[in-house]
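Please open the model in your viewer and keep the selection tool at hand. This tour goes stop by stop.

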Amino acid sequence: MALWDRIKESASTMQTQLEAKKNDLKSGAFRDASMAMCALVAAADGSIDPPERQRVAALITSNDVLKNFPADDLQRRFNTYVDQLTADFAFGKVSVLQEIAKAKKKPAEARAVIQIGIIIGGADGDFDASERAVVREACFALDLPPHEFDL
């Protein structure tokens, strides 16, 4: 199976798993960690252009699992994290990873945050090396083994 087909299949499987847990994913820690993850993946290459920012924002508002939260609140949080990352990527990444780490108290939420990162990373058809690298770093922040997610 081609790499792209495996990524699509994996993202689809993860979205199904997330939807099954939707009712368990309502905490503020999950909300904040998932928006931090979306921003981190979007800015993984060190920058984020306006079309990419809009594409990720559209994915956030259309994701069924994230509909547990007001879309404008998610958008505001996402933009705050993106602004931190674009102002100073290295410093912003430390701050964003700390926000992601707050989800590790609940293993189901921690796994869901990683799954959202993979879904966002693969949404454009190319889950590239820089995106995989930041999701792998998030796994370490959440005390999850990256190999569990094929990273």
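The stops below go from the whole fold to single residues.

**Stop 1: the whole chain**

Start with a cartoon view. This is a predicted model. Colour by secondary structure: the protein has seven helices and zero strands. From the N terminus, the order of elements reads α-α-α-α-α-α-α. Now colour by accessibility. Of the 151 residues, 47% count as buried.

**Stop 2**

Show the charged side chains. How many salt bridges does a search of the whole structure find? The search finds 12. Select Asp32 and Arg77. They form a salt bridge, with the closest N and O atoms 3.0 Å apart. Asp32 sits in helix α2 (residues 28–42) and Arg77 in helix α4 (residues 71–87), so this pair ties together parts that are 45 residues apart in sequence. Are the two residues buried or exposed? Asp32 is buried, and Arg77 is buried as well.

**Stop 3: α5 and α7, the charged pair**

Move on to Lys93 and Glu137. Their side chains form a salt bridge, and the closest N and O atoms are 3.0 Å apart. The pair links distant parts of the chain: Lys93 belongs to helix α5 (residues 89–101) and Glu137 to helix α7 (residues 129–141), 44 residues apart. Check the accessibility of each partner. Lys93 has a relative accessible area of 19% and is buried, since the cut-off for buried is under 20%. Glu137, with a relative accessible area of 29%, is partly exposed.

**Stop 4: α5 and α7, the packing**

Keep these two helices on screen and draw their axes. The axes of α5 and α7 come within 9 Å and cross at roughly 50°. That angle makes α5 oblique to α7. The crossing of α5 past α7 is right-handed. Which residues make the contact? From α5, select Lys93, Leu97, Ile100 and Ala101. From α7, select Glu137, Ala138 and Ala141. Colour this selection by class: the contact has five nonpolar, no polar and two charged residues.

**Stop 5: Asp143 and Lys104**

Follow the chain past α7. Select Asp143 and Lys104, whose side chains meet in a salt bridge (3.5 Å, N to O). Asp143 lies in the segment after α7 and Lys104 in the loop between α5 and α6 (107–122), so the pair ties together parts that are 39 residues apart in sequence. Asp143 counts as exposed, at 57% relative accessibility. Lys104 is partly exposed, with a relative accessible area of 39%.

**Stop 6**

Return to Asp143 and look at the backbone. Its phi is near 60°, a positive value in a residue other than glycine. Then select Asp150, which also lies in the segment after α7. Phi of Asp150 is near 60° too, again positive in a residue other than glycine. At 70% relative accessibility, Asp150 counts as exposed. The tour ends here.

Key
Residues are numbered from 1 along each chain as its sequence is written. This is a predicted model: local features need pLDDT of at least 70, side-chain atom pairs count only at pLDDT 80 or more; totals for chains, interfaces and linings use all residues. Side-chain values use heavy atoms; hydrogens and water are left out. A salt bridge is a side-chain nitrogen of Lys or Arg within 4 Å of a carboxyl oxygen of Asp or Glu. Helices (H or I, at least four residues) and strands (E, at least two) are DSSP runs, numbered from the N terminus. Buried means under 20% relative accessible area, exposed over 50%, partly exposed in between (1.4 Å probe, protein chains only). Axes are lines fitted to C-alpha atoms, for helices over the stretch in contact, and angles run from 0 to 180 degrees between N-to-C directions. Angles under 35 degrees count as roughly parallel, over 145 as roughly antiparallel, 65 to 115 as roughly perpendicular and the rest as oblique. A crossing is left-handed if the near helix is turned anticlockwise from the far one by less than a right angle, and right-handed if clockwise. Contact means heavy atoms within 4.5 Å. Ala, Val, Leu, Ile, Met, Phe, Trp, Tyr, Cys and Pro count as nonpolar, Asp, Glu, Lys and Arg as charged, and the others, Gly among them, as polar.
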